[in-house]
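Look over the sequence and the model below. A few questions and answers follow.

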Amino acid sequence: METEESGFMTCMLRSYNETLSKDIYAKLWHNEKRETLTKEYLNAISSEETNAHCLRNRYFLETIKTLVANNDIEVLINFGSGFSMYPFLLDQSIINIEIDKPEIVDYKEVKVMQWQAKKILPKRKIHFLGVDFSKDYEDQLHSEIHSIVKNKSSLILIEGVLFFLKMEECVKLFNFFESIQKTGDFIGSVSFNDTVKETTAFQKLLDFINKKGGGVVASDCLSLPDHFYKNIEAYKLIDQQDYYSLSKTYDNSIKLSKDLTLNEIFYLLQKN
Ligand SMILES: C[S@@+](CC[C@H](N)C(=O)[O-])C[C@H]1O[C@@H](n2cnc3c(N)ncnc32)[C@H](O)[C@@H]1O
């Protein structure tokens with residue numbers, strides 16, 4: 001399974017419960033092939049995946065909206081942005097930087113422009129930057145981001161991405177985040193912790209990826225303990241949520257056991 005397909009699937013899942021995700025634009029990415037793959041994914045792994053993805057979107061959307069309303073951030077920098085639709089769900093004053101593999105951002109930019117021309121999507125300030133996090137990107141990306149952000153306050157979002165990276169790539173990214181942010185800025189991050197690897201749902205996820213030609217074992221999939229975030233010296237962990245805590249907040253009833261659920265953890269950090 002390509003990471004590109006995982007980006008489309010994330011949108012399909014968000015679109016299946018708009019009341020929960022509050023993402024009214026994710027459905028624009030629908031087509032038959034993506035629908036079929038997503039249905040197959042839900043059947044193979046866990047029916048909780050729909051609401052888990054919806055609540056992930058909801059948490060970050062509400063968090064970003066609150067920070068914008070309080071004048072705490074002016075720029076949203078989305079690392080591994082895939083096909084997520086935050087710019088269109090947020091106030092038009094926000095400057096958006098979307099970073100992903102070149103083929104992803106190029107395709108997304110064309111589609112966004114077509115939908116904006118047809119007035120299906122509202123106009124927004126978006127800069128698309130094509131980067132592969134497994135390559136040497138720091139110097140060029142630093143100057144590109146700096147020329148857009150200048151001295152403005154930002155939130156960096158990295159969701160659904162770390163799973164695909166190696167530990168050294170993850171550490172490099174967090175060091176890079178520190179180099180582009182200033183005191184008071186935020187990071188929103190998503191990862192699994194190690195306990196997920198003991199669940200039936202995770203074994204089913206591996207089986208699904210491998211059935212699609214992935215060739216992965218559990219140790220290839222990055223998971224991070226809470227202390228990874230707690231030990232980042234330059235940042236303070238100011239909020240931590242997961243599927244269970246968000247289900248209480250947003251009144252979602254969970255049907256399956258913990259063993260049959262992929263519980264992602266959501267972290268909000270603020271720079272010291
Ligand atoms: C599951 S999708 C999540 C997309 C988006 N963050 C969301 O939540 O809707 C994972 C994204 O990470 C991106 N990604 C994975 N590995 C990457 C890498 N080495 N460099 C850049 N982007 C990467 C993929 O291209 C894909 O768009």
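Q: Is Ile120 buried or exposed?
A: This is a predicted model, in which local features need pLDDT of at least 70, side-chain atom pairs count only at pLDDT 80 or more, and totals for chains, interfaces and linings use all residues. Residues are numbered from 1 along each chain as its sequence is written. A residue is buried if 20 or more other C-beta atoms (placed from the backbone) lie within 10 Å of its own, exposed if 12 or fewer, and partly exposed in between. Ile120 has 12 other C-beta atoms within 10 Å, so Ile120 is exposed.

Q: Where does Ile120 lie?
A: Helices (H or I, at least four residues) and strands (E, at least two) are DSSP runs, numbered from the N terminus. Ile120 lies in the loop between α6 (102-117) and β3 (125-130).

Q: Which residues does Ile120 touch, not counting residues up to four places away in sequence?
A: Two residues are in contact if their C-beta atoms, placed from the backbone, lie within 7 Å. By that test, and leaving out residues up to four places away in sequence, Ile120 touches Leu28 and Trp115.

Q: Which helix gives the largest share of the shell around the ligand?
A: A residue is near a molecule if its C-beta atom, placed from the backbone, lies within 6 Å of it. The ligand is surrounded by 20 residues, and Gly7, Gly80, Gly82, Ser84 and Gly160 are the closest. The largest share, five residues, comes from helix α1 (residues 3-15).

Q: What percentage of the 272 residues in the protein is buried?
A: The protein has eleven helices and seven strands. Of its 272 residues, the buried ones make up 36%.
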